[in-house]
Amino acid sequence: MTDLRSREIHDELDGDTLHEECGVFGILGHPDAATLTALGLHALQHRGQEAAGIVTFDGKQFYTEKRMGLVGDHYTDPATLAKLPGFISIGHTRYSTTGEVALRNVQPLFAELEVGGIAIAHNGNFTNGLTLRRQLIADGAICQSTSDTEVVLHLIARSKQTSSSDRFIDAIRQMEGGYSMLAMTRTKLIAARDPIGIRPLVMGELDGKPIFCSETCALDIIGAKYIRDIENGEVVICEIQPDGSISIDARKPEAPQPERLCLFEYVYFARPDSVVGGRSVYVARKNMGVNLAKESPVEADVVVPVPDGGTPAALGYAQQSGIPFEYGIIRNHYVGRTFIEPTQQIRAFGVKLKHSANRAMIKDKRVVLVDDSIVRGTTSVKIVQMIRDAGAREVHIRVASPMIFHPDFYGIDTPDRDKLLANQHPDLASMCRFIGADSLEFLSIDGLYRAVGGVVRDPQAPQFTDHYFTGDYPTRLLDQDGASNVRKLSVLASNG
């Protein structure tokens, strides 16, 4: 199946879902570095299902394995892990928002530079990456991928700084947007987070060895200890010394900015068992449901989550409203994005490939259907119809986040603005008619802020990144504001 065909099928079957760009994991000084990295990536699989890659170093040379598909499809094979010896490792699991789906874009990206070999992987998106790419190519640079991560390698190579650490810092200081990034050299593991902390990154420890990863769930899976979050704008350099000890050098910006974590980490992306920014994701999502029930009550017989993202919010809604919670929709977890190449007839099944109505819990009942978000609304249409076909008397949709009006440019794969449901209808009543529900309500922005941070939104200095709801972008958008041809990249057909 070609990459472009895979994306077409994805758009038809899964195109009404938000996707995070990727997850990162790295460990320094451990003899089982590759195995631990594979386990960490397995825990971060929800952040990207298109491809995964691992790079290691054993004291003599670098090794890399990059595969399309899921982590468990490849990195559970002892023969694959045997190809990744070493005591330093970084890994990456990917969902593409920049660049096509091809093996050449799978991270970590590696380059041999004047200061030695370096591999980098990042989660997020640079809002000036394509602008810088155009400038680099005009100056004679040769780009092998369409990933904006490659720009960082070129900037490292061109830096006038002496050490690999200083070159890396020099490079990322030229990047804008939302990112968490890992880099590894022969002796170093380097972690960095964007100046306002849009994307998360945490530090842990296992057997005295430092670990960096996107979420705490990746620490839990290997029994590692959580140490702290990497601060926004911070760069942490861990280096193996000649005596085998590991030094840690934390460099913070001279003029730090207030942190603004992405709210969608709490709404949708992070795993419920993770702790992001010191807050339990599960508790935040349950609070969203509680606040939703306070803001938008309705007389009903049963509260049903849209699995799996809507489950914690539905529990909160049910507890606050006193309406019983039931699993009225059963999700088929074995239908992946590489399921089969569907015929038109199979595509017509739509949402039923992944969800089935639990008729016993729905028939003759007034149903409150709780979802975490609505993007284009096409999936909601199919789910409402499925619930009605199962015999529901009424279907009331409650969404545990505000309406999405604006696209994202920091690593979330969002549709164009005119394809978002909120921009296709003049009011809530029109949206409700389109979806086919008896009523439709969204959580307010202040209700979301209270659920996550405990206080309402400060419009003068928002505590979180929330532009998809408010239009308040926290950084410049150079690639979007520049010439239209900035976004045009050549696409080389690839079988990988």
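## Exercises on a loop residue and a helix pair

S245 lies in the loop that links β12 (235-240) to β13 (246-251); strands are DSSP runs of E with at least two residues, and helices are runs of H or I with at least four, numbered from the N terminus. This is a predicted model, in which local features need pLDDT of at least 70, side-chain atom pairs count only at pLDDT 80 or more, and totals for chains, interfaces and linings use all residues. Residues are numbered from 1 along each chain as its sequence is written, and side-chain values use heavy atoms, with hydrogens and water left out.

**Exercise 1.** Classify the exposure of S245 and list what S245 touches.

Step 1. The relative accessibility of S245 is 34%. Buried means under 20% relative accessible area, exposed over 50%, and partly exposed in between (1.4 Å probe, protein chains only). S245 therefore counts as partly exposed.

Step 2. Leaving aside residues up to four places away in sequence, S245 touches E239 and I240 (contact: heavy atoms within 4.5 Å).

Step 3. The C-alpha atoms of S245 and G208 are 9.8 Å apart, while 37 residues separate the two along the chain.

**Exercise 2.** Describe how α10 and α17 pack.

Step 1. Helix α10 (residues 281-295) meets helix α17 (residues 445-453) at about 145°, with the axes 8 Å apart. Axes are lines fitted to C-alpha atoms, for helices over the stretch in contact, and angles run from 0 to 180 degrees between N-to-C directions.

Step 2. Residues making the contact include M288 and N291 of α10, and L448 and V452 of α17.
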